[in-house]
Each structure stands twice: as structure tokens, then as C-alpha cells.
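Trainee: Could you walk me through this structure while I have it open?
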Amino acid sequence: MTTLTAATRTKVLQRQGAAVALTVMVVVSWLTFPRFGSLDNLRDLALQGSFLAVIALGMTFVIITGGIDLSVGSLYALGGVLAAWGSQHGFLTALLLPLVVCGGIGLINGLLIARTNMAPFIVTLASLLFARGLLLAITDEGANTYQVAPDSAFVELGRGTVAGFGYPIFIAAALCVLGGAILNRTGFGQNVFATGGAEQSAILMGVPVARTKVLVYTMSGTLAGLAGALTAAYLQSGVTVIGVGTELDAIAVVVIGGTLLTGGMGTVLGTVIGVGLIKVIQNVINQIGTLDSNYQSVVSGVFLLIVVVLQRILRR
Amino acid sequence: MSRMLLIAATALLVTACTSRESPQTAASGGPAASAAQQQSAGPGCTRSRTGYPQVDVKGATVGFSQSEKEANPFRTAETQSIRDEAAKKGVNLLVTNAQSDLNKQISDIKSLLDRGAKLLIVAPLNSDGLQPAFDAAKAKQVPVITIDRKVTSQPCTDYLTFIGSDFVEQGKRAAQQMIKATGGSGKVAILLGSSGNNVTVDRTKGFKDGIANSGLQVVAEQTAEFDRSKGQAVMEQLIQSNPGITAVYAENDEMGLGAVTALKAAGKTPGKDVKIVSVDGTRSAVQLVADGSYTAVIESNPRFGPLAFETLEKFARGDEIPQSIVISDDEYDTSNAAQKLGNAY
């Protein structure tokens, strides 16, 4: 009983820690910088956050199972290139091709990790290199950028707006709500927690640990591919230089959001808050203007460190 | 344990990112501060054609979006040149740096517009993908000047004009220097820049065209990805496989400096036994030219400030602006390197 209360308290504290930081940041920025609260700025903040949120959603599931997925940055870029290439064959090809290919690579990640018990970071590091290599191969070493026709329906997916807010924002929001529901209200969600909490006990209790792992890595790959497709639609081209280091951003926002790197605990809402924090920090540094943008990494790094230290303390 | 592994993996990744970044950076190569000459290409762009309002440069808020970290001489000199000229013109300059992140460059540009920039200077991170940022500028009727890297969007519509070096011409001038130094005969090795990069393609084409009618013969060409240590490693291999090499053309200074180290280690005297010509104009390379252990350096000019603001002033006056403007590049050889060392960056 006491353990349960302690766990709940820790969970609440962790989640609120990031939320409190975000609230303070937003309120202070709103009061300090007149343009921070402008509708244009908020729209751009949300849009920029939406691509990362989609990737980080998959990463949340992976990290809760106690794993890690380093391939998402490369899959994100690969997804974008495939979508831009596919757009010449119509909307569905542009959308589905990256989902299938990146989901497929995620599936292979999952199978290797679940069936052979190889360390997730080695397996996904290999697919990071593989996917980046594949991307360079199909773009003639990055020299050939596929363009999306500006008037195609696919561009609308990335550039269309409702009240000025881009479609990717709504897509990311819907996916996060769905992801949160799956995590907290389904048997699969329970399996994800159980796998990361205590894998051996989970296996003994009959939790389908292997299947759960395969599913989370497939999901992570698919979502990275989707984020790439949305980005390609938004940029109107399959840009090859994106996604370098994005896996680290995704891991950072998940951890800042209170998900334990050791697994077994975490929330989608926390991840969304983590994305918000990172993007607000970036925006504020731009608002200050005189600050070297290197400080963005410094500030994000400090935040990450504080959160990880707090996690360590709160866990005891 | 797993956490330690994660840290190790992270460290690996960070290293990987950094090394991937630097060739890109060096790719743009850099040049010196001479008077700029203009070349018009295609129909020009006037303010009346765009319908943009007149914005006097003096006292205006101008945004500058840099693409990559100012961690190499070219980027440092480029940003400094914009800053200096802005101060001279009495401009309120806002500066952002996208840190090699394309999405960040888009939001950087949007935030510059949001913070009241009426004129924009952009050093694009990539030729493609900045369309959302250009659209945002268009919506606010803000003219955008792109510098150093050409974008695939439409001049005059999406952006005002492009100011940059003629990389083919740089290759040709390197060839002329090489012919002058070698007397037009010998075996040349080319250290290529990163593959799939237009700078590499252009500088290679210009050089090969330039030596076509001479007795110089290209015996080897290999990529060293604009990187000094790779330049050294590739040069070491080339000396082994082609001991008769008498000249090296490096597509940037960094690779050339690597080649110097390799040649010295092999007991050769760079600048004498083996002539070396490269493109960029960094201080370390020009210093070697002055010292006599390097043949020549063709500049790739990073000082876009004067030309960029001059173009914005012309646009405000209603003058016709060409689709692209070529910035003039200097060159350094043994006869002038010592005097011009101050221009190197």
C-alpha cells in the first residue's frame, strides 16, 4: 500500500515537474516578450513541435518497455524522402510508402530485439546507419532532392491550416490522444508497462513480452516515417539533411516529460509537455535575440540533467 | 549497464553528427573582401514587379538567418561581415543561427519576421526545403536575399536574388594557377569535396576544363570530404599508389592542409616538389603560401555584408535586381600572399 502511494506520488511529481517548468516558462515569456504570445508565433511553435511530438510518441512507448530506438532520426529523414518520391504517384503512395518502409524497418528492429535478446541500442544503431545509407543511395548521395508538386493534395497535408493552425498539429494531437488512451486503457498498454517494469516477472505472469516489444518498435518506426512524410509535405521536398540527431531530441523530450529511462513508468502527456518545453526554450532564445543560439543546447542540456537527477532522487 | 551503453551510444552519435556537419560547412568555402562585381543573369526584379513597400535600409530592422554554427572560418567571417555592414548602415540587425537544423531555420526566419524584420538575409542550410519560410516572408511582403548557397525556389517571387561565388570559375582560376606554377605539365591528383555536393561538382568541372588544353594530366581523384584529416589520409594513399604526382588540386583549404602534412611525412617538399592549389582563402593556407610551402589559394569570398545591403538599398530605390549576383573572389599566390595575408580569414 505504502509503495503504491509512493509510486503514485513520484509519478505525479515527475509529471508536474515538467508541467510546472513549462507553465513558468510560458508565463514569463508571455510577459517579457510582447511577440511571444502573438498568434503567428504560437502557430509556428505548435507546428514545429508537432513533427517532434509524433516521433517522441513512439519513443515514449519504446522507453517505457525499457528499450531505446536510435533509428528514428534516420527513419524520419528516410520517410520524408520516400514521401517526396512517392508523391509523383499520388497522395496514397506518398503517405503509405514511408509508413510501410519505416514501419518495416521498425518491425525488423523489434523482431531482432525481442527474439534474439540483442541490446536495443545496438540493433537500432545499426538501423540508424542502414536507413541513412539507404536514403543517401536513393538520392544519389544527397545530390538529388525529390520535389513535391506545390499544388498536389499531399502538400495540403503539410501546409493546410484550420484557423491558421497547420494540419500536422491536429494529426499529432489526435495521435497523442490515441496513444495516451492505448497506453492507459488497453491490455497492450498494460503489457508495455509490465515489460519495462520487471521483464522477468512479466514473462512469468504470462505477459507477451516479445510481442509487445515487436509492436512498440514497429510503432516507433511507423511514426517516425509518418513524421517524415508530414515534414516532406510541409517542406514540399524530400530534404536529405534533416533528422541528424533527432533521435536524441526525441529521447530528451521523453525523459524531460518524466518517463523513466529504465522503463516501467511514463506518460504521453509528459512527452507532449517535454516537446513544448524544448520548443519554447528555442523560441525564447530567438526572442532574446542577442543570445548565441548555442545556448539553446546548453539550456536544454541543463533541463535534461535536472530532470534525470530528480528522477533518481524521487525513485528512492 | 543499459544506461552506460546509452551514454556511449549517445557520444558516438554526437561525434557522428559533428563530423557530418563540418564537411557541409566547409563546402561553402570562403573568400576575401575585394570590391564586388555584379553579373546579371536572366530578367531582373524590381520593387514595382513585386509590389513590395519601400523600406529604407538605414534604421530598418533587418533579419539575418545563418545556417550553421560559426565554427569554421567561412561562417565566422560571413556573419561578421553582415554584422559589420549592418552597424555601418545604422541597421537594427537581428541574427539567428539554425545550428544545421532545417526546421529550426524555418522557425528562425518566421520568428525574425514576427519580431519585425522588414528585410531578410538568409544563408540557406539546404537548397531545398525553405519554401514555408519564403512563403511567410512573401505574405509579409519582406524581400529575402539568399547568400552563399543557391536555393531551388523562384527568384523574384520566393526570394529576391542570390549572392554567391561562381564555383566553376574558382576551379578554372585554380587551373590557371596550376598551369602557371607547373609550366603546364605534370601529374595532378585532385582531392574532391563531399560527393553529391554542387560545390564539388562545379569546382571539379572548372578545374578540368581549365587544364584541358595543357599538358597537365589528372592521374587520381578521390574524395576527402572537405576534411583535413581525410585529406591527409587520402594523400598518403595517393603518394603510395602514384609516386610520380607533381601537383595537387584540393577543393578546399582544409584538404590541402592535410595534403601538406602527408607530403612532408613522405619526404617531399610541398610547394616545390609537389605544387598545391586549393580554394577557400583561410588564414592557415594563405600563411603557407606566404611561407613558400603552398602554391596558390583561390578565394571563396564570405564577406557578403556590403553587397547584400547595397542590393537591398538598390531594391528600395526601385532599381532592377538581377536574379543572381556573383561576388568577386580574390586569389593568393607567392607574389602577393604576404601583403594580402590580412584579407585571409
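Mentor: We will go through the chains, then the sheet, then the contacts between the chains.

Mentor: Please keep in mind from the start that this is a predicted model.

Trainee: Okay, how many helices and strands are there in chain A?

Mentor: Chain A has 13 helices and two strands. Its radius of gyration is 19 Å, close to the 20 Å that the globule rule gives for 316 residues, so chain A is as compact as a globular protein of that length. Along its principal axes, the C-alpha trace of chain A spans about 60 × 50 × 30 Å.

Trainee: And what share of the residues of chain A count as buried?

Mentor: Of the 316 residues in that chain, 54% count as buried. If you take the contacts in chain A between residues at least 6 apart in sequence, 79% of them join residues at least 24 apart.

Trainee: Which residues of chain A does UniProt list for "transmembrane region"?

Mentor: The unreviewed UniProt entry lists several spans of chain A under that name, including residues 45–68 and 88–112. In the model, residues 45–68 of chain A are 83% helix and 0% strand, with the end C-alpha atoms 27 Å apart. Residues 88–112 of chain A are 88% helix and 0% strand, and there the end C-alpha atoms lie 34 Å apart.

Trainee: Switching to chain B, which residues does the "Periplasmic binding protein" annotation cover?

Mentor: According to UniProt, again in an unreviewed entry, that domain covers residues 70–318 of chain B. Over this stretch chain B is 47% helix and 20% strand, and the end C-alpha atoms are 34 Å apart.

Trainee: I can see a sheet in chain B, so what is the order of its strands?

Mentor: It is an open sheet of six strands in chain B, in the order β7-β6-β8-β9-β10-β12, with mixed pairing. Strands β7 (215–223) and β12 (331–333) of chain B stand at the edges with a single partner strand each, so one side of each is left without a neighbour in the sheet. Neighbouring strands are turned by 15° against each other on average, direction ignored.

Trainee: In what sense do β6 and β8 of chain B pair, parallel or antiparallel?

Mentor: Strand β6 (residues 185–192) and strand β8 (residues 247–250) of chain B pair in the parallel sense, over four bridges. As one example, B:L191 has B:A250 in β8(B) as its bridge partner. Helix α6 (residues 167–182) of chain B packs on this sheet, and its direction makes about 160° with that of β9(B).

Trainee: Now the two chains together: how many residues of chain A are in contact with chain B?

Mentor: There are 33 residues of chain A in contact with 30 residues of chain B. On the side of chain A that touches chain B, helices α2 (39–64), α5 (120–138), α10 (209–235) and α12 (268–288) of chain A each supply at least two residues. The largest share, five residues, comes from α2(A).

Trainee: What do the buried residues of α5(B) pack against?

Mentor: They pack against α10 of chain A, together with α4 (102–114), β3 (119–122) and β4 (144–147) of chain B. Among the buried residues of helix α5 (residues 131–139) of chain B are B:P132 and B:F134. Just after α5(B), B:Q141 takes a positive phi of about 55°.

Trainee: Last one, which residues have the most contacts inside the largest nonpolar core?

Mentor: That core has 141 residues, and those with the most contacts inside it are A:I55, A:A56, A:A233, B:L120 and B:A308. Apart from it lies another core of 47 residues, including B:I190 and B:L263.

Definitions and conventions: Residues are numbered from 1 along each chain as its sequence is written. Chains are lettered from A and ligands numbered from 1 in the order in which they are written. This is a predicted model: local features need pLDDT of at least 70, side-chain atom pairs count only at pLDDT 80 or more; totals for chains, interfaces and linings use all residues. The radius of gyration is taken over C-alpha atoms; the globule rule is 2.2 Å times the number of residues to the power 0.38. A residue is buried if 20 or more other C-beta atoms lie within 10 Å of its own, exposed if 12 or fewer, and partly exposed in between; C-beta atoms are placed from the backbone. Two residues are in contact if their C-beta atoms, placed from the backbone, lie within 7 Å. UniProt positions are given in the numbering used here, feature names are shortened, and annotations may be inferred rather than shown by experiment. A nonpolar core is a set of buried Ala, Val, Leu, Ile, Met, Phe, Trp, Tyr and Cys residues joined through C-beta atoms within 7 Å. Two strands pair if DSSP finds at least two bridges between them. Axes are lines fitted to C-alpha atoms, for helices over the stretch in contact, and angles run from 0 to 180 degrees between N-to-C directions.
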